[in-house]
Amino acid sequence: MSNLDLFESGCTDDNSGSSDESPITAMRRLIDLLNRWEHAYYVLDAPEVPDSEYDKVYLALQQLELRHPDLIQIDSPTQRVGGKPADGFEQVRHRVPMLSLGNAFEDSDVIAFDRRVKELADLPTDTTIAYAVDPKFDGLAISIHYKNGVFEQAITRGDGTVGEDVSANVKTIRSLPLKLRGTAIPEHLEIRGEIFMTKKDFLLMNQRQAELGLKVFANPRNAAAGTIRQLDPKVAASRPLRFYCYGAALEREQLRELKTQSSMMRWLSEMGLPVSELSQTALGAQGLLTFYRTVGDRRGALPFEIDGVVYKVDSFDLQDQLGYVAKAPRFAVAHKFPPDEVLSRLLNIEVQVGRTGSITPVAKLEPVKVGGVVVSSATLHNLDEIQRKDLRVGDQVLVRRAGDVIPEVLPFSGNQRNPGSSAFVMPTHCPICNSLVRKEEGEAAFRCTGGLVCKAQLTQSIIHFAHRRAIDIEGLGSKLVEVLVDKEWVKTPADLFRLEFDALVQLERMGEKSARNLLDSIEKAKQTTFGRFLFGLGIRHVGEATARDLAAHFADVDRLMNATEEELLEVNDVGPVVAESIRQFFDEPANQQVVRDLVSLGVSWPTEEIKLTDESHPFFGKTFVLTGTLSQYSRDEAGALILARGGKVTGSVSKKTDYLLAGEAAGSKLDKAAALGVTVLDENTFQGML
């Protein structure tokens, strides 16, 4: 007798129904049973039945649905995977933006946060604030929509305003209910949570990937993010994704009814949504710090990766009173754990030669995994830094990665220095061209004096010249530039415009189509702007903003090449050091020849640059810094809009900064702006000022 017969015939079995049970009733009963078992297994971590029993009932439901396809229910476990692979992901605007959080790193930051909450709410300093506290999962933020309690849509965070519809992939997550429990469920409910993998599941999946010769992921977060962006939901279904809910985007009336964040989390849990067992409430700053240390002590033993904890003011009325700043709420903060540190050994110190000839020491390390990434080399910046840290080849060292950025090498206090360890000595001659290495007075960096004679400097100069923010030659990557320099086909930037099709097609991996595309891109790059052209020349101390200022002031390359240092000092923010550097560059006959060659080969720009004369515009004369990911513009586009209205764009926040335009994941620049009292603009405010 088949499992289908078992559930349609009324045969006696623990899970069988009555003999007169209709197909839809039997189907509903099996779905509820399977969903209950999935919740117990994936959410409560307390399996009720062995896998074989689950498989038997699942097969019975599957067969019943095959016989009655018109009765298939949307929350059936069989419907978690279905449909053809997608061509791409649809862009969807969030009904309520998915905001980022401010960060706290030290105890003093948490105490300051608690004090700031009371100050902003005009509460007495001895008031004890109640906070809802949660672990900060190291996964992928997601917004999930339910309609009448049934899963409808899942949208990635994206830039916080617009995300991607990844519903087919998210439906495959078995810890996520396709239908909510209970009766008092809003018609529309938007859940916010995190998609992740447990450490154990991640390791097993990576083992399986390696055995099959497939991609092995660096860490659980990358694996979860990569899985959700698979176009075929069957791939997502085959990977062990999990989900935890940390909140909901509710209407104001619902918030008033629930009153607190903690009561909302209990309400969501009662609907069958998975909520972390670590979630609780804490009182005052000391309660927050106690929770932080308790979770930190348990961090290594937790089944999933976390990178901190999150504090939210528990009262919705108080949250509403505190409001938001830029794209972050004032009532919440993420308290990050210290960066990962791993012990390694300094095997060697090599040097790299940069575009301006700077000689940078690089540590070669015993490969170690730090923060989910294997690190085998790291910059040591300069000789002064090495001597300050007293780093020697052969030493045990600490390798640290803070926030998934460039790894840092630190001295290890327990290092038992090998008698044979050796101090680093800066080479006297360039390892690439053998030119003299010299340290200029007042600088930390040593430099190769070879200029473009040095292939390393030449290669980096050509890469810089072709960069999208300079001349913008699409398809001219660093590897191809190295080949062209090695073959001596390119000795100056001008030689790029002399490349010929017959020569290019002889290069390895360079077919006819690639050669034609590259030459088309080179031809297109001839039409540029004076500012981009100047930036592409790679004049020391001349960044994008200074290049644009020079272009607007001089408008003509001959005028600039012949300008005295006094005339250069008339340009906005050009000081003596920059003026001297520009003058030295154009005093070199070889550089003058390169400029003349580029112009004769057809590189040109409009004769008139934008005139910055609208002094009535609020951007005129103001200094901007851009940070984070913008949703309406690229940073280049936003910068161009500011420049066209008489503003200036710089790369770092200082007391001279007037505005910080902050997008998603703004980071340390936002913190520095707050500390200096710099006005922070979100995109809507920026748009209004435009």
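Trainee: Is the crossing of α4 and α11 left-handed or right-handed?

Mentor: This is a predicted model, in which local features need pLDDT of at least 70, side-chain atom pairs count only at pLDDT 80 or more, and totals for chains, interfaces and linings use all residues. Residues are numbered from 1 along each chain as its sequence is written, and side-chain values use heavy atoms, with hydrogens and water left out. Helices are DSSP runs of H or I with at least four residues, strands are runs of E with at least two, and both are numbered from the N terminus. A crossing is left-handed if the near helix is turned anticlockwise from the far one by less than a right angle and right-handed if clockwise; that of α4 and α11 is right-handed.

Trainee: At what angle do the axes of α4 and α11 cross?

Mentor: Axes are lines fitted to C-alpha atoms over the stretch in contact (heavy atoms within 4.5 Å), and angles run from 0 to 180 degrees between N-to-C directions. Val110 and Phe113 are among the α4 residues that meet α11, where Leu288 and Leu289 are among the partners. The axes of α4 (residues 107-120) and α11 (residues 284-298) come within 9 Å, and the angle is roughly 140°.

Trainee: How many residues apart in sequence are the parts that glutamate 164 and arginine 229 tie together?

Mentor: The two form a salt bridge, with the closest N and O atoms 2.0 Å apart; the term requires a side-chain nitrogen of Lys or Arg within 4 Å of a carboxyl oxygen of Asp or Glu. Glutamate 164 belongs to strand β6 and arginine 229 to the loop between α7 and α8, so the parts tied together are separated in sequence by 65 residues.
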